[in-house]
Amino acid sequence: MASRPVRRWRQLTVWLHVVTSVGWMAQALAIFVLLVTSLTTESREVAVSATSMAQVLDGRLLAPLANASAFTGFMLAAATPWGFVRHRWVLVKFAITLVQLHLGIFVLGEALAESAEAAATGGVGPAVPLAVGSALMAGAIAFQAWVSVAKPWSTTRWMPADRRRVSAETAPRGVFVATVAGVVADLAVAGVLGHPAPLVSLTILATWLVLRRRRAAVVAAGATA
């Protein structure tokens, strides 16, 4: 069982995951409302303002919170016995998060810029699919929240047969401290730059994945010695 300091930092990481996930969902809903406003208003000025504000929210709030939510979720999977693929509910959340990050990074930002430019000339651009997409994004996050609470479905075939070994696979306190510090650092950088740059989070995640693999190899070697 994890020591009290480890539990406290793990709980803080869980809290950060919940807060950033709720913030991500809230910003997706805000962007949905702004895009619907731009599509239904008769004022070009209002349409331009609404799409421009949606673009600002995406860069300054939604994207940084989405990165923080994903990072804390990945670290909680990698640094605890839950793992990435041992439980179907975790695997489903992992897959949904990857899809959302892909769409948010490679689709949403550019499409919002196109919508703002179109609104300035009286057009709508890709605002309609963006409105639908932002609503679906919020719904997917709400679904993931339910999955986290209900923890439905069974384990996968990748769950080790030795449950006692699994129960001991909680990372040291420093891993959770680094996770919290990484979130704070990357949110601060995003606040300064006006767009996310999750270099600290990615470095922490990659480093722990490498260390975890080495740690597992040492444990396996000791078990077979």
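I looked up leucine 136 to begin with: its relative accessibility is 59%, so it counts as exposed. My cut-offs are over 50% relative accessible area for exposed, under 20% for buried, and partly exposed in between, with a 1.4 Å probe and protein chains only.

Before going on, I noted that this is a predicted model, where local features need pLDDT of at least 70, side-chain atom pairs count only at pLDDT 80 or more, and totals for chains, interfaces and linings use all residues. Residues are numbered from 1 along each chain as its sequence is written, and side-chain values use heavy atoms, with hydrogens and water left out.

**Entry: the whole chain**

I counted seven helices and zero strands. Helices are DSSP runs of H or I with at least four residues, strands are runs of E with at least two, and numbering starts at the N terminus. The pattern along the sequence reads α-α-α-α-α-α-α. I checked the C-alpha box along the principal axes: roughly 75 × 35 × 25 Å. The chain has 225 residues, and 40% of them count as buried.

Next came contacts, meaning heavy atoms within 4.5 Å. I took those between residues at least 6 apart in sequence; 76% of them join residues at least 24 apart.

**Entry: the surface patch**

Which residues make the nonpolar surface patch? I found Leu39, Val124, Val128, Val132 and Leu136, covering about 410 Å². Such a patch takes residues with over 30% relative accessible area and no salt bridge, and joins nonpolar side chains (Val, Leu, Ile, Met, Phe, Trp, Tyr) within 5 Å. A salt bridge here is a side-chain nitrogen of Lys or Arg within 4 Å of a carboxyl oxygen of Asp or Glu. Areas come from the Shrake-Rupley method with a 1.4 Å probe. Helix H4, residues 127-150, gives the most to the patch, with three residues. Leucine 136 lies in helix H4.

**Entry: threonine 97**

Is threonine 97 buried or exposed? I read 9% relative accessibility, so threonine 97 counts as buried. Threonine 97 sits in helix H3, residues 88-120. I set aside its neighbours within four places in sequence, and found threonine 97 in contact with Ala70, Phe74 and Gln144.

**Entry: arginine 4**

I placed arginine 4 in helix H1, residues 4-40. Arginine 4 has a relative accessible area of 53%, so I logged arginine 4 as exposed. Then I looked up arginine 173, which is 169 residues from arginine 4 along the chain. How far apart are their C-alpha atoms? The separation is 9.6 Å.

Technical notes: Patch = residues over 30% accessible without salt bridge, like charges linked within 9 Å, V, L, I, M, F, W, Y side chains within 5 Å.
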